[in-house]
Amino acid sequence: MNSVILQIASKYVRWLLVIFSVIILIRGHNYPGGGFIGGLLAGLSLAYKGFAFTPELLKKEIKIKPEGYMGIGLILIFISIWPGVFLKTAIMQGVWFTIPFPFTEGFKFGTPFLFDIGVFFTVIGVTLLFLFSLSYEKIWK
Amino acid sequence: MTIVAMPILIPFALAISLLVFRTPKTCRWVGPLGSLAIFVVSLALFFRLKTSGILTLNVGGWEAPFGIVLVVDYLSALMLMVSSLILIAVSLFSIRFLPDDFPLPRFYFFFFTLTMGMNGAFTTGDVFNLYVWFEVMLISSFVLITMGKKKEQLEGGIKYLALNLLGSLLFLAGLGLLYGKTGTLNMAHLAEILKNDGQALLMNTSSILFFVAFGIKAAVFPLFFWLPSSYHTPNIAITSLFAGLLTKVGVYTLIRFFTLFFVHDQQFWHNLLLIVAGLTMVTGGMAAASYYETRRILSYHIISQIGYMIMGLGIFTPLAIAGAVFFTLHNMIAKTGAFIASGMIAKTKGSFHLKEVGGLYKQNPLLAVLFIVPAFALAGVPPLSGFFAKFMLIKAGIESGSYIITTVALLTSLLTLYSMIKIWNEAFLKKQPENHENQESIKLNWADYVPLAILATASVLMGIFAATVFTYTMEAANQLIEPAIYIDMVLRNRTP
């Protein structure tokens, strides 16, 4: 696609989408949202450039490969499994603690949130992988 | 008890590590050593189970009927142990037999995700969780089938995926119905509810959906078409992995479901299971007899032998269930061994087609010996593992008066023997056909024999120590027939 409007807009809409996806990720513990849907939005924000220009350009410019995103995500998920074993009773049990922050009651951070962040990154990786695989025709010998 | 989750977590960790270290050289180490680690954990689980009874783990600290619970009883532990033995053999085999341009890191990544799904299915005590593990397995195996990027692999993969997705759909539908009727998806809780329910007949709608779904996964008689149309396409290392593991997970779930909570209306279900078992045996055996391609012969044999496992379930006496479990364990080892042997024949002679190979007995006596062990084990020749498995099933059949299925089972043994002797005659005894003389014969390295030697030894040992294996499979069968201990252990975390 070669639309100047889309190309210019992609520069700004990308960051809006990134911010929006992070908000969705954070509110996801108690309200609709979470790692999966946030990850889809964040993946879309990266894919925007691919739609506006060409997927090849995106592939060239992207700093972390899809597999890298998936790796980060899966490692975070794997880490989030363990605190429950050592600090509580069972594997994958939620462990919460509060990070003090001036003027507020502090932020609550816990392993379920870490798990969600892991899902977030994994889904970004998968979205990019889908986009790259669908934009080429593979030749089957 | 965190160790119960280890068979799932180790492959997960290994798969992640393969995303980080992506060189083929590390994969050569990570693959076999990782499989060894899974095997060690399975052994540890088994010995823990022997001393302290059924092991449970409430994931996330949620109590049993509400959260997901992982359970290891004798059936799970035995399946875990044998399947991880197969993982070791196949991971060693794939190092030597995958072509040089094969993406080894990707292969092992999906190898371990497949393992994760399989081990999850073996250990979970929750029906929906089981569905998730099945999907993990399905996706990994689809990627593995199409990994060689050949056209026929895509075709086989699509057939595989389409039919198995249909199975998953039916599984999900049955699951929804089950949840609507009982309000729980915990297997032990389901068993408890259905045991005291006068209207258990209403369960037939769900159980038939589950039966068809697992029938597709296990490749029983009218539902097996995905198997022969896809198993001969991927690389032989991948086929031998699938042959040992995939359908057996389906059989495992059938055994689990139809002993734990679908135990109502026994006359209808057991007759249906027996009819399906008989037809599966015969069609598989007959089809295998008509082919001359080793991979196709062995693929149809997988189907034929699924019939024996279902037969044990259909007779439904402790001995029959134990026979089915014994047969499943034996079959996983021997079948993978036979596929690996066919891969070695193909590597030395350059073809899977029996018309194009020959003279291997003279050329490579060691391979001949190593082939004959799994082949005769499959046919049920004493003192190998298959003999005792079939003996238990047939004894149970005669004791319970199921004469027709017993006769069918005995006759199918002859068909199996015929096919195995056909491979033996054509590949080993016959002279190399003249019009295929020029084919290059590759000499095998000693390391090429190791995986097959492991499996052949396992098969022989299972025959020699049949009494020990028999004791454990009887333990497994008793736990399955009398699920009260299982239910109490899962729901109340104590023995009755």
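1. Helices here are DSSP runs (H or I, at least four residues), as are strands (E, at least two), numbered from the N terminus.

2. The model being predicted, local features need pLDDT of at least 70 and side-chain atom pairs count only at pLDDT 80 or more, while totals for chains, interfaces and linings use all residues. Residues are numbered from 1 along each chain as its sequence is written, with chains lettered from A and ligands numbered from 1 in the order in which they are written.

3. In chain B, helix α5 (residues 127-145) packs with helix α6 (residues 151-182) at an angle of about 175 degrees, their axes 10 Å apart; axes are lines fitted to C-alpha atoms over the stretch in contact, and angles run from 0 to 180 degrees between N-to-C directions. α5(B) is therefore roughly antiparallel to α6(B) (angles over 145 degrees). Among the residues making this contact are B:Phe134 and B:Leu138 of α5(B) and B:Tyr160 and B:Leu161 of α6(B).

4. For helix α2 (residues 24-52) of chain B, 29 residues at 1.5 Å a residue should span 42 Å, which agrees with end C-alpha atoms 42 Å apart; the expected span is 1.5 Å times one less than the number of residues. After α2(B) comes B:Gly53, whose phi is positive, near 80 degrees.

Definitions and conventions. Parallel < 35°, antiparallel > 145°, perpendicular 65-115°, else oblique. Contact = placed C-beta atoms within 7 Å.
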